[in-house]
Amino acid sequence: MAAVQNVGIVGAGAAGLAAAILLADAGIQVEILEKADAPQTLGSGITLQGNALRVLRQLGVWDQVEAKGYGFSTLGLRAPDPAGTVIAVLEDIRTGGDDLPATMGMYRPDLTAILRERAEQAGALISYGRTVTGIIDDGGSVTVSTADGGSATYDLLIGADGLHSAVRKAIGIDVEPQPTGMGIWRAFVERPDEVVRTDLTYGGPCFIAGYCPTGPDTIYAYLVEKAQERKHEDGPRIMAELAAAYGGPWKEIRANLDQSARINYTWFTTHLVDGPWNRGRTVIIGDAAHSCPPTVAQGAAMALEDAAVLVELLIQADDLTETLWKEFTDRRLDRAKAVVNASVQLGQWMLDGVRDANVPGLMNSLSTMLKEPA
């Protein structure tokens, strides 16, 4: 018998939905408490590397993801010149195995919708408009209070509620995301025919100019600059001005950066709960436990891996014990820390203008680790 029979999950993002799918498939009762009033339909693109795709296959959604997204296994490097000259096309490491693409780009709301439908088909209940306001752990169960005046009791509570996790705060973990000094403009636009993979350009007015195909007709394009106060409504103008320095597909991308384009601006942040992610019968996973700049495109992958490892341990155990929590920490903390440190280091090298940085060595070391299942 599994260690738990009734689980509450806070947050209907990738980590929460993945955990719900695996728990429900094992016959465990699952309820997701989501603060939004309805399924979210807004967002831009997401880059999923092979280790993320490996978990999505485990969840039984790979066929849908493959159909909706855009897979590729090379990485292009371009010069910051008017022609966008291709410097190199590199074979990317397939961290999910040789039978999966190295990378999959897709529209983030499409991924969430696929996972949500799968979770509901498995028997998970998703309750919307439920903002967590309090958590009480009596040693044998966890009772959650919500802003609508409701409450619910579970054998285990999983906090998968993102960067500014209410669960993390409620259980007394005093760690918050900190800015790293970079900001990123993202735009979801039509795909130029020339864009068949991610191409990165280092230099010019931005630290990085890049894009990732997300489907047959769409991409998300991004420009990374020094973090500053920006107004979202100025996005089309600012992105177009920054993009003017880059050639190749950026000429067509720039032409589509008008008021109809979905554009947003955020700062890079990072945090890591450097120790056990549980307090009693409550545990945090995904962005609630760790986050990193998207310089290595591992945020969603780490969240999915967290969910898969946690549920594996819960299903195998007969009870929630310190042994279970120690094994979870042993399997997840160092791996997540390596990803966080690598992503922050890459950004810091760019901020510092380090020209002799061993980027290939860092990325090869990280990819070698990620090829091993979590």
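**A pair of strands and their surroundings**

Guide: Let us begin with strand 13 (residues 178–190) and strand 17 (residues 262–272), which are joined by 8 bridges and pair in the antiparallel sense. Helices (H or I, at least four residues) and strands (E, at least two) are DSSP runs, numbered from the N terminus, and two strands pair if DSSP finds at least two bridges between them. This is a predicted model, in which local features need pLDDT of at least 70 and side-chain atom pairs count only at pLDDT 80 or more, whereas totals for chains, interfaces and linings use all residues. Residues are numbered from 1 along each chain as its sequence is written, and side-chain values use heavy atoms, with hydrogens and water left out.

To place the pairing on particular residues, look at Arg186, whose bridge partner in strand 17 is Asn264. Strand 13 is also joined to strand 16 (residues 218–226), again antiparallel, by 9 bridges, and there Val189 stands opposite Ile219. As a general rule, side chains in a regular strand alternate between the two faces of the sheet.

A polar atom of the Thr270 side chain lies 3.0 Å from the backbone oxygen of Ser291. Such a polar contact is a pair of N or O atoms within 3.5 Å; within protein, one must be able to donate a hydrogen and the other to accept it, and residues adjacent in sequence count only if both atoms are side-chain atoms. If we take contact to mean heavy atoms within 4.5 Å, and do not count residues up to four places away in sequence, Thr270 touches several residues, including Gln178, Thr180, Ser291 and Val340.

Rings of Phe, Tyr and Trp (its six-membered ring) pair if their centres lie within 6.5 Å, with planes under 30 degrees apart called stacked, over 60 edge-to-face, and the rest tilted. By this rule there are 6 aromatic pairs. One of them is stacked: Tyr107 and Phe188, 4.5 Å centre to centre, with 25° between the planes. Because Tyr107 belongs to strand 7 (residues 103–107) and Phe188 to strand 13, this pair ties together parts that are 81 residues apart in sequence. Tyr107, at 13% relative accessibility, counts as buried, and Phe188, at 8%, is buried too.

A further pair, Trp277 with Phe328, is edge-to-face, at 5.7 Å centre to centre and 80° between the planes. Trp277 sits in the loop between strand 17 and strand 18 (278–279), and Phe328 in helix 9 (residues 322–352), so here the parts tied together are 51 residues apart in sequence. Trp277 is buried at 2% relative accessibility, and Phe328 is buried with a relative accessible area of 2%.

At the strand 8 end, strand 2 (residues 29–34) pairs with strand 8 in the parallel sense over 4 bridges, and Glu34 has Tyr128 as its bridge partner.

Helix 1 (residues 14–25) is mostly covered, since 10 of its 12 residues are buried, among them Leu17, Ile21 and Leu22. Just after helix 1, Gly27 takes a positive phi of about 85°.

Note on methods: Buried < 20%, exposed > 50% of the residue type's maximum accessible area, 1.4 Å probe, protein only.
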